2 protein chains.
Amino acid sequence: MTRPRAAIVVTGSELVRGERSDLNGPFYAREALALGLQPARLIIVGDDAMELEDALREGMGADVCLVSGGLGPTHDDRTVELVARVAGRPLVVDEALEERIEHVSRTVAERLGRPYADFAAGVRKQATIPEGALVIGLAGTAPGLVVDTGSCVTVVLPGPPGELQRLWPGAVASAPLQRVLSSTERPGRRVLRFYGTSESAVARALAEAGGDGGGVEATICARDFEIHVDLIVEPGAETRADVLADAIAAPIASYLFARDERTVEEIVLERCRARGLTLAVAESCTGGLVAARLTSVPGSSDVFRGGIVAYGDDVKARQLGVAEDVLRACGAVSAEVAAAMAHGARERLHADLAVAVTGIAGPGGGSDEKPVGLVHFHAAGPGGDEALRFELPGDRAWIRARSAVAALHLVRRLLERG
Amino acid sequence: MTRPRAAIVVTGSELVRGERSDLNGPFYAREALALGLQPARLIIVGDDAMELEDALREGMGADVCLVSGGLGPTHDDRTVELVARVAGRPLVVDEALEERIEHVSRTVAERLGRPYADFAAGVRKQATIPEGALVIGLAGTAPGLVVDTGSCVTVVLPGPPGELQRLWPGAVASAPLQRVLSSTERPGRRVLRFYGTSESAVARALAEAGGDGGGVEATICARDFEIHVDLIVEPGAETRADVLADAIAAPIASYLFARDERTVEEIVLERCRARGLTLAVAESCTGGLVAARLTSVPGSSDVFRGGIVAYGDDVKARQLGVAEDVLRACGAVSAEVAAAMAHGARERLHADLAVAVTGIAGPGGGSDEKPVGLVHFHAAGPGGDEALRFELPGDRAWIRARSAVAALHLVRRLLERG
C-alpha cells in the first residue's frame with residue numbers, strides 16, 4: 001500500500017549546532033509510522049528565516065508536515081509566520097486565542113511583578129495565526145496549530161518535548177489529520193531481540209530466511225549492545241511476518257531473549273517477581289549503572305533490595321566482605337573478587353540473587369596483565385552461579401555501558417537456567 | 001563575516017522511523033561550527049533512493065556537505081552512487097581501493113568459514129566511487145570519501161558513530177576541505193553555566209545586558225536541568241563577548257557555577273581533590289544515578305569511595321545505620337532519614353563528605369502527605385551540612401534525573417561554603 005508521506009521539520013539553533021540532541025523528530029517519526037504514515041524525511045534547521053522557509057516549503061510538499069519549535073513570543077520565533085507564507089494564507093489575529101494567551105500572561109506578569117504592558121506585544125504576536133488554522137491547545141503562551149491546505153496537513157507544535165507530546169493527541173484527533181489517516185491503515189509490528197550475536201549474523205539469518213518484502217519490511221539495528229529486529233507489517237501480511245520472524249530466529253535461537261519490547265531489566269525483574277526472588281547488585285567499574293537501570297523500572301522496589309558501589313578496595317572488603325587476602329592475591333579485578341562481591345551482596349543485602357561487576361574502565365589503571373577493558377562478572381543465586389570475563393575495546397563510557405548490559409544479561413541467563 | 005554554509009545529510013531507515021537517535025548529525029554540526037563553518041541544515045532520510053537523492057541535491061547546494069551512512073556492500077546502500085549522480089561524476093572502480101577492501105574481506109571470509117566468492121560482488125561495489133574522489137580511509141570494508149565539485153566539498157563517512165569519528169580528521173585534513181576552511185576563521189566561544197534559575201530569567205539578563213549581535217551570537221539552552229549560555233564569537237568581537245558575558249552573569253551571579261564546560265560532577269570531584277577530601281553517596285530513589293555520574297569521570301576513584309543504593313528500608317537500617325525508630329516515626333522519605341543516610345554513608349564508607357537522596361519517584365508510592373515527586377536531600381561534610389526538600393513534577397525518569405543533578409549541586413554548594 002502507498003502510505004501518505006510525512007515530513008518532519010524541527011527548528012532550534014542549538015539543535016542545528018549539535019549542542020543538544022533533538023527528541024521531537026524521533027517522537028514524530030515513531031508516531032507517524034504507528035499511525036500508518038510513511039516518515040520520509042526529518043529536517044533540522046536553526047532560526048534563520050530563509051533556512052526555515054526552505055525547509056517548510058520542502059516539508060509541506062509531503063501529505064503531512066509535522067513541525068516543532070519557533071513558537072515563542074519574540075521576533076526570532078518565525079515558524080507560524082513562515083507556515084502561513086508557504087501555505088499561501090494571510091496572518092490574522094485570533095481574538096478568542098488572544099484572550100486565552102492574555103490570561104496566561106497576566107498571571108505570569110503578576111508572579112514576576114512586572115507590568116502587563118511588557119507582555120502585550122508578545123501576546124498579540126502569539127495570537128496571530130494563518131487564516132483558517134485550528135488551535136488545538138496552549139503550551140504556556142504558545143498555541144499548537146493545524147493548518148490544512150488541502151494538499152498538505154501541517155501540524156505546528158512547541159519545541160519543549162513534554163509540551164509537544166501533551167498537545168500531539170489533539171492534533172491527531174483534528175478533522176484534517178483524521179481525513180488523511182482514513183486513507184491508510186496502521187501497520188502491524190513484530191520484534192525480535194537478540195543478545196550476544198552480531199548485526200551481520202542476524203542479517204545473514206534474515207537473508208537465509210528469504211529476506212523481507214511481500215508486505216514485510218525489516219530493520220536490523222544494533223542498539224544498546226543488543227541486536228533489535230523490527231518487522232513493519234502491511235495489513236494482510238501478518239502470516240508471512242510470523243513465518244519470517246520464526247525463520248530468522250531459528251538459526252540464532254540461543255541468542256533470542258525477547259519477542260516483545262521489554263528491556264532486559266524489565267525481563268529480569270519480572271522473572272524474579274514471578275519466582276518470588278529478590279535481587280541485589282555489587283558494582284565497581286560500572287559505578288551504579290546496573291542499579292540505575294534496574295531502579296528505572298516502576299515497581300522495581302518489590303524485587304530490588306539495593307546495591308553497593310564499591311570503588312575503594314577497603315569498601316569491597318568492609319561492605320561486601322571480600323577477604324583482604326583474596327584482594328591482595330588476585331587483585332580487585334579478578335574472577336575471585338567478582339564472585340566474592342556477588343556472594344557478599346547476597347548475604348549483606350539479604351537478597352536471593354546478586355550480580356557483581358569489577359573491571360578496568362580506563363583510561364588509567366591498566367597493565368599488560370590486566371588491560372583497560374578487562375571486566376569480570378559474577379551472578380549468584382539459590383540454584384548456582386554464572387561467571388563471565390570480557391576484554392572490551394572502547395573508551396571509559398563505552399566499557400561501562402557495555403558492562404552494565406552484560407551484567408543484566410548474565411542475571412537473565414542465571415534466571416533462565418532455573 | 002559570512003561563513004561557508006555546511007549542510008548535513010544523514011541516512012538510515014531506523015533514524016527516519018525514530019527507532020534510534022542520530023548521533024552523527026550533532027557530531028558533524030559541532031565540528032562544522034568549531035571549524036568556522038555555518039551549520040545550516042541537517043536532513044535525515046531513510047534508504048529510499050529518491051528521498052536520499054533529493055536530500056543530497058539539497059545538501060550539496062551548500063559549500064560543504066557532510067554525509068553519513070549508506071556505505072555498506074548491499075544494493076540498499078546507495079549513498080556513493082547518488083553522490084556521484086548529484087556531483088555529475090561517473091562511477092569508476094578504484095583498483096587500489098578494491099585490493100584493500102578485498103584484503104579485509106578475505107580475512108572476514110576466513111573467520112566465518114565462507115568462500116571469498118560470496119563477498120566479491122560486495123567488494124567491487126564498495127570499491128566503485130565517483131571519479132576523482134579522495135579515499136581518506138576504510139571502516140571495515142567501507143571507504144570514507146571526499147568529493148570536490150568546485151562549488152561543494154562533500155564528505156561521505158560510514159554510519160557507525162565510532163567509525164565516522166575515527167575517519168573525520170582525515171576528511172578535515174584533505175586538500176579540498178582545507179581550501180574551504182582557509183576562507184574562514186574559527187569562532188571563539190564563551191560559556192556560562194547556571195543552576196537554580198530559569199531560562200526566562202537568563203533570557204531577561206541577556207536582554208538587559210543589551211542582547212547579542214555585534215559579532216557575538218548567544219544561545220540559551222536548558223540542558224540537564226541547568227541553564228547553559230553559549231556565546232559564539234566572531235574574530236575581533238572578543239572584548240565585546242567578555243563584557244557581555246560579565247553583564248549577563250551580574251544580576252544572576254549567585255546561580256552561576258561555571259564559566260567553562262566542566263560538568264557539575266567534574267567540578268565536585270576537582271574541588272574535593274584540591275582539598276584532599278573523599279566522597280560517598282547514599283541513594284534511594286535515584287537508585288545509583290548519582291554514583292554513576294560521579295564514576296563516569298576518569299580518575300574519580302581517588303576521590304569517590306563508593307555508594308550504597310538503599311532501596312529496602314532494612315537496607316537503609318543495616319547498611320547505613322539509619323535508626324529503625326526514625327524510619328518508623330518519620331518514614332523513609334523524610335529530612336531525618338536523608339540526614340541519617342548521609343551521616344551513615346560518611347561513617348560506613350570512611351568518606352569526608354557524603355550526599356544522600358530519598359524520595360518518591362512514582363508512579364506508585366505517593367500519598368496526600370507525601371506525594372510522588374517529594375524528594376529529600378542531605379549533604380554532610382567536615383564543615384557542616386546542607387539539606388534540601390523538593391516537590392518535583394514530572395514522571396519517574398524525570399524525577400530521578402532531576403534529583404541526581406540536585407544532589408550533585410548540593411555537594412557543590414557545601415564545598416563552596418568552605
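Predicted model: local features only at pLDDT ≥ 70, side-chain atom pairs only at ≥ 80, totals over all residues.

I'll go through the interface, then the cavities, then a pocket.

On the chain B side, 69 residues are in contact, and they meet 68 residues of chain A. The area buried between chain B and chain A comes to about 5500 Å². Carbon and sulfur atoms give 47% of that area. If you want names, look at B:R17, B:E19 and B:R41: they supply 13% of the area that chain B buries against chain A, more than any other three residues.

How many salt bridges does the rule find across the interface of chain B and chain A? It finds twelve. For polar contacts, we get 38 residue pairs across the interface of chain B and chain A, with both residues at pLDDT 80 or more. And if you sort the side of chain B that touches chain A by class, you get 28 nonpolar, 18 polar and 23 charged residues.

Next up, empty space. Rolling a probe the size of a water molecule over the atoms shows where there is any left. By this rule we count three cavities of 30 Å³ or more. The largest cavity has a volume of about 140 Å³. What lines it? There are 14 lining residues, and A:D22, A:I44, B:D22, B:P26 and B:I44 are the closest to the centre of the largest cavity. Two elements give two or more residues to that lining: β2 (38-45) of chain A and β2 (38-45) of chain B. By class, the lining of the largest cavity has eight nonpolar, two polar and four charged residues.

Last stop, the second largest pocket. It holds about 680 Å³ of space. Of its 31 lining residues, the closest to the centre are B:R189, B:R193, B:R223, B:H228 and B:E261. Which elements of chain B each supply at least two residues of this lining? Those are α2 (24-35), β9 (188-194), β10 (216-223), β11 (226-233) and α11 (264-275). The largest share, five residues, comes from α2(B).

Technical notes: Residues numbered from 1 in each chain as written. Chains lettered and ligands numbered in written order. Heavy atoms only, no water. 1 Å grid on protein atoms, 1.4 Å probe; cavity = no way out; pocket = protein on both sides within 12 Å on 5 of 7 lines; lining within 4 Å. Points joined across faces, edges and corners; volume = space filled by probe spheres on them. Helix = DSSP H or I, 4+ residues; strand = E, 2+ residues; numbered from the N terminus. Contact = heavy atoms within 4.5 Å. Buried area = accessible area lost by both parts, 1.4 Å probe. Salt bridge = Lys/Arg side-chain N within 4 Å of Asp/Glu carboxyl O. Polar contact = N/O pair within 3.5 Å; in protein donor to acceptor, adjacent residues only side chain to side chain. Nonpolar A, V, L, I, M, F, W, Y, C, P; charged D, E, K, R; others polar.
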